[in-house]
Amino acid sequence: MTPIVKAFFDPDTNTVSYLVQEPEGTACAIIDSVLDFDHASGRTKTSSADQIVAYVRDNELRVEWILESHVHADHLSAAPYLQQELGGKIGIGEQIVTIQETFGKIFNEGTEFQRDGSQFDALFRDGDSFHVGQMRGDVLHTPGHTPACMTYVIGDAAFVGDTLFMPDFGTARCDFPGGSSEKLFESIQKILSLPDETRIFVGHDYKAPGRDEFAWETTVGEQKALNVHIGQGKSIEEFVEMRDARDATLPMPRLILPSLQVNMRAGQMPPADEQGDVFLKVPINKL
Ligand SMILES: [Fe+2]
């Protein structure tokens with residue numbers, strides 16, 4: 001089965017959101033959507049998500065799933081907005097509970113913040129499957145970047161979130177709480193054991209030395225041959241040494257604090273105060 005995949009690139013956060021559609025039919029799923037957020041003003045906008053809404057309406061599609069590959073640390077999810085506009089169930093990996101536990105503490109959330117994943121409609125485990133119309137989706141647990149990262153394989157297309165990036169850029173960082181370069185290496189081997197012709201759609205692109213165009217689609221075969229961090233059969237020792245050294249030099253993503261607080265709630269803002277106003281926190285010296 002070869003689903004139709006439409007990519008929506010957000011240049012502000014270098015995120016690629018995907019709409020995956022039945023080749024013959026109207027069912028679709030949306031993966032890793034973006035709610036625009038201007039940190040300086042604290043203002044949200046739905047321009048990015050509205051492109052997806054318009055595409056769904058123009059093509060008379062039916063949204064069955066709104067999937068998150070993980071709790072993103074660099075952009076806010078538009079899942080609740082898309083659900084309100086288009087319907088569909090919001091799904092993420094069951095290890096979200098670990099993320100909620102960790103960041104519930106860091107953000108000093110009260111007991112009203114449930115750490116059981118109940119903000120989501122579905123929690124996936126490794127080996128689970130789901131359907132988008134006639135298409136079957138298979139779920140792989142691919143931790144490393146975060147403990148809850150999932151890869152969704154729908155027909156011949158694998159949506160790998162932040163595990164592998166384009167072959168010339170490499171792999172995702174592993175230094176967030178609960179991250180592990182050893183685990184990422186193992187997760188990537190799982191992805192690379194899919195057939196060589198499997199299409200891989202990555203969660204971000206930042207261009208790369210010698211490439212001046214954004215790109216987000218590659219294949220398992222290309223990754224095995226060309227990935228600068230893991231291709232040509234690199235060993236786990238080589239990978240871990242390279243990844244950990246590189247991660248030590250990376251700054252925190254610009255939107256990490258708002259992203260985590262919102263995304264751990266399935267894209268909802270924290271509850272409003274008595275006046276109906278909504279606030280996000282800045283924990284000092286915690287990250
Ligand atoms: Fe991420």
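Which residues coordinate the iron ion, and through which atoms? In this predicted model, the ligands are His-70 (NE2), His-145 (NE2) and Asp-162 (OD), at 2.1 to 2.4 Å. Donors here are N, O and S atoms within 2.8 Å of the metal (3.2 Å for Na, K and Ca), and water is not among the atoms, so sites may look incomplete.

Residues are numbered from 1 along each chain as its sequence is written, and side-chain values use heavy atoms, with hydrogens and water left out. Because the model is predicted, local features need pLDDT of at least 70 and side-chain atom pairs count only at pLDDT 80 or more, while totals for chains, interfaces and linings use all residues.

- Along the sequence, the donor residues follow the spacing H-x74-H-x16-D.
- His-70 sits in the loop between strand 6 (62–67) and helix 2 (79–86), and Asp-162 in the loop between strand 12 and helix 4 (181–192), so this pair ties together parts 92 residues apart in sequence.
- Helices (H or I, at least four residues) and strands (E, at least two) are DSSP runs, numbered from the N terminus.
- His-70 is buried, with 1% relative accessibility, and Asp-162 is buried as well, at 4%.
- Buried means under 20% relative accessible area, exposed over 50%, and partly exposed in between (1.4 Å probe, protein chains only).

- Strand 10 (residues 135–141) pairs with strand 11 in the antiparallel sense over 5 bridges; pairing requires at least two DSSP bridges between two strands.
- One of the bridge contacts places His-141 with Met-150 of strand 11.
- Ile-154 stands opposite Ala-157 in strand 12.
- Strands 11 and 12 form a hairpin with 2 residues between them, and Gly-155 in the turn has a positive phi of about 55°.

**Cysteines**

- The structure holds 0 disulfides, a disulfide being a pair of cysteine sulfur atoms within 2.5 Å.
- For Cys-149, the closest cysteine sulfur is in Cys-174 at 8.9 Å, which is too far for a bond.
- Cys-149 is buried, at 2% relative accessibility.
- Cys-28 is also buried, with a relative accessible area of 0%.
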